[in-house]
Amino acid sequence: MDELDGRLIAALKDDGRASLSDLAALLGVTRSTVRVRLDRLVQGGEIAGFTVLTRSDVRPDAVRGLMMLEIAGRGAEKTMNRLRAMPDIKAVHSTNGTWDLIAEIGSATLEQFDQVLFAIRRLEGVTRSETSLLLSTRR
(Lines give C-alpha, C1' and ligand atoms only; values in the text may rest on other atoms or scores of the structure.)
Protein backbone atom coordinates (compact mmCIF):
# COMPACT_ATOMS: atom_id res chain seq x y z
CA MET A 1 0.00 0.00 0.00
CA ASP A 2 1.46 3.34 -1.01
CA GLU A 3 0.61 6.98 -0.38
CA LEU A 4 -2.05 7.09 -3.13
CA ASP A 5 -3.79 4.02 -1.67
CA GLY A 6 -3.79 5.73 1.72
CA ARG A 7 -5.31 8.89 0.25
CA LEU A 8 -7.93 6.82 -1.58
CA ILE A 9 -8.93 5.03 1.62
CA ALA A 10 -9.07 8.35 3.49
CA ALA A 11 -11.31 9.82 0.80
CA LEU A 12 -13.63 6.80 1.00
CA LYS A 13 -13.78 7.08 4.79
CA ASP A 14 -14.84 10.68 4.34
CA ASP A 15 -17.45 9.84 1.68
CA GLY A 16 -18.02 6.17 0.97
CA ARG A 17 -20.48 7.02 -1.82
CA ALA A 18 -18.07 9.20 -3.79
CA SER A 19 -18.08 8.35 -7.48
CA LEU A 20 -14.96 7.18 -9.28
CA SER A 21 -14.92 10.50 -11.12
CA ASP A 22 -15.08 12.49 -7.89
CA LEU A 23 -12.35 10.36 -6.32
CA ALA A 24 -10.16 10.73 -9.42
CA ALA A 25 -10.56 14.52 -9.39
CA LEU A 26 -9.82 14.68 -5.66
CA LEU A 27 -6.71 12.50 -5.96
CA GLY A 28 -5.48 13.98 -9.25
CA VAL A 29 -5.50 10.66 -11.14
CA THR A 30 -7.67 9.03 -13.80
CA ARG A 31 -10.90 7.14 -13.17
CA SER A 32 -9.28 3.93 -14.37
CA THR A 33 -6.43 4.37 -11.86
CA VAL A 34 -8.97 4.77 -9.04
CA ARG A 35 -10.93 1.71 -10.22
CA VAL A 36 -7.80 -0.47 -10.48
CA ARG A 37 -6.53 0.68 -7.07
CA LEU A 38 -9.92 0.19 -5.45
CA ASP A 39 -10.32 -3.30 -6.92
CA ARG A 40 -6.79 -4.24 -5.76
CA LEU A 41 -7.43 -2.94 -2.22
CA VAL A 42 -10.67 -4.94 -2.00
CA GLN A 43 -9.17 -8.11 -3.51
CA GLY A 44 -6.12 -7.88 -1.24
CA GLY A 45 -8.29 -7.51 1.84
CA GLU A 46 -7.02 -4.02 2.71
CA ILE A 47 -10.62 -2.81 2.32
CA ALA A 48 -12.73 -5.40 4.12
CA GLY A 49 -16.10 -3.92 3.23
CA PHE A 50 -18.31 -0.91 2.89
CA THR A 51 -20.99 0.16 5.33
CA VAL A 52 -23.71 2.69 5.96
CA LEU A 53 -23.96 4.99 8.96
CA THR A 54 -27.48 5.75 10.10
CA ARG A 55 -28.64 8.74 12.08
CA SER A 56 -28.51 6.67 15.28
CA ASP A 57 -24.86 5.77 14.55
CA VAL A 58 -23.85 9.43 14.49
CA ARG A 59 -24.93 10.62 17.90
CA PRO A 60 -24.43 14.22 18.92
CA ASP A 61 -24.00 13.18 22.56
CA ALA A 62 -20.51 14.15 23.65
CA VAL A 63 -20.71 12.08 26.84
CA ARG A 64 -22.11 8.56 26.69
CA GLY A 65 -22.26 5.80 29.24
CA LEU A 66 -23.94 2.69 30.55
CA MET A 67 -25.53 2.60 33.97
CA MET A 68 -26.20 -0.81 35.46
CA LEU A 69 -29.03 -0.83 37.97
CA GLU A 70 -30.21 -3.12 40.73
CA ILE A 71 -33.94 -2.75 41.40
CA ALA A 72 -35.68 -3.71 44.65
CA GLY A 73 -38.42 -6.33 44.48
CA ARG A 74 -40.57 -6.39 41.38
CA GLY A 75 -40.16 -2.74 40.45
CA ALA A 76 -38.12 -3.21 37.27
CA GLU A 77 -40.95 -2.44 34.85
CA LYS A 78 -42.00 0.70 36.73
CA THR A 79 -38.37 1.88 36.86
CA MET A 80 -37.90 1.08 33.17
CA ASN A 81 -40.89 3.25 32.27
CA ARG A 82 -39.55 6.15 34.34
CA LEU A 83 -36.13 5.82 32.71
CA ARG A 84 -37.60 5.77 29.21
CA ALA A 85 -39.32 9.08 29.95
CA MET A 86 -35.98 10.81 30.63
CA PRO A 87 -34.64 12.62 27.53
CA ASP A 88 -30.99 11.68 28.12
CA ILE A 89 -31.80 7.96 28.29
CA LYS A 90 -31.25 6.54 24.81
CA ALA A 91 -32.24 2.93 25.59
CA VAL A 92 -33.10 0.72 28.55
CA HIS A 93 -32.23 -2.98 28.54
CA SER A 94 -33.44 -5.70 30.87
CA THR A 95 -30.77 -8.24 31.68
CA ASN A 96 -29.94 -11.19 33.89
CA GLY A 97 -27.23 -11.65 36.49
CA THR A 98 -26.20 -9.07 39.05
CA TRP A 99 -27.97 -6.14 37.37
CA ASP A 100 -31.67 -5.87 36.57
CA LEU A 101 -31.52 -3.03 34.03
CA ILE A 102 -28.91 -1.25 31.93
CA ALA A 103 -29.57 2.34 30.87
CA GLU A 104 -27.74 3.87 27.90
CA ILE A 105 -27.16 7.53 28.67
CA GLY A 106 -26.14 10.30 26.28
CA SER A 107 -25.56 13.90 27.36
CA ALA A 108 -23.95 17.01 25.96
CA THR A 109 -21.67 17.61 28.96
CA LEU A 110 -20.22 15.78 31.95
CA GLU A 111 -22.23 18.05 34.25
CA GLN A 112 -25.47 17.10 32.49
CA PHE A 113 -24.43 13.43 32.60
CA ASP A 114 -23.83 13.74 36.35
CA GLN A 115 -27.28 15.27 36.83
CA VAL A 116 -28.85 12.32 35.01
CA LEU A 117 -26.98 9.87 37.26
CA PHE A 118 -28.25 11.65 40.38
CA ALA A 119 -31.81 11.65 39.04
CA ILE A 120 -31.67 7.92 38.34
CA ARG A 121 -30.20 7.13 41.76
CA ARG A 122 -33.11 9.01 43.37
CA LEU A 123 -35.74 6.89 41.60
CA GLU A 124 -37.81 4.76 43.93
CA GLY A 125 -36.66 1.15 43.79
CA VAL A 126 -33.09 1.77 42.61
CA THR A 127 -30.96 0.12 45.30
CA ARG A 128 -27.54 0.05 43.66
CA SER A 129 -25.85 1.21 40.47
CA GLU A 130 -22.58 1.17 38.58
CA THR A 131 -21.76 3.48 35.68
CA SER A 132 -19.17 3.18 32.92
CA LEU A 133 -18.36 5.93 30.43
CA LEU A 134 -18.10 4.90 26.79
CA LEU A 135 -14.79 6.21 25.49
CA SER A 136 -14.90 4.98 21.89
CA THR A 137 -16.98 2.74 19.65
CA ARG A 138 -15.65 0.46 16.93
CA ARG A 139 -17.69 -1.51 14.43
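A salt bridge here is a side-chain nitrogen of Lys or Arg within 4 Å of a carboxyl oxygen of Asp or Glu. By that criterion, a search of the whole structure turns up six salt bridges. Do keep in mind that this is a predicted model. Below is a quick tour of the helix packing, followed by some of the charged pairs.

**Helix packing**

- Helix α1 (residues 3-14) packs with helix α2 (residues 20-27) at an angle of about 130 degrees, and their axes lie 11 Å apart. That makes α1 oblique to α2, and their crossing is right-handed.
- On the α1 side, L4, R7, L8, A11 and L12 meet L23, L26 and L27 of α2. The residues of this contact comprise seven nonpolar, no polar and one charged.
- Helix α3 (residues 31-43) and α2 have axes that come within 8 Å and cross at roughly 105 degrees, which makes α2 roughly perpendicular to α3.
- Here L20, S21, L23, A24 and L27 in α2 meet R31, V34, R35 and L38 in α3. This contact divides into six nonpolar, one polar and two charged residues.

**Salt bridges around R37**

- R37 pairs with D2 in a salt bridge, their closest N and O atoms being 2.7 Å apart. The pair joins helix α3 to the segment before α1, 35 residues apart.
- R37 also forms a salt bridge with D5, at 2.9 Å between the closest N and O atoms. This pair links α3 with α1, 32 residues apart.
- Both R37 and D5 are buried, whereas D2 is partly exposed, with a relative accessible area of 37%.
- A network of salt bridges links D2, D5, R37 and R40.

**The D61 and K90 pair**

- The side chains of D61 and K90 meet in a salt bridge (3.7 Å, N to O). D61 sits in the loop between α3 and β1, and K90 in strand β2, 29 residues apart.
- D61 counts as buried at 15% relative accessibility, while K90, at 35%, counts as partly exposed.

Technical notes. Residues numbered from 1 in each chain as written. Predicted model: local features only at pLDDT ≥ 70, side-chain atom pairs only at ≥ 80, totals over all residues. Heavy atoms only, no water. Axes fitted to C-alpha atoms, helices over the stretch in contact; angles between N-to-C directions. Helix = DSSP H or I, 4+ residues; strand = E, 2+ residues; numbered from the N terminus. Parallel < 35°, antiparallel > 145°, perpendicular 65-115°, else oblique. Left-handed = near helix turned anticlockwise from the far one by under 90°. Contact = heavy atoms within 4.5 Å. Nonpolar A, V, L, I, M, F, W, Y, C, P; charged D, E, K, R; others polar. Buried < 20%, exposed > 50% of the residue type's maximum accessible area, 1.4 Å probe, protein only.
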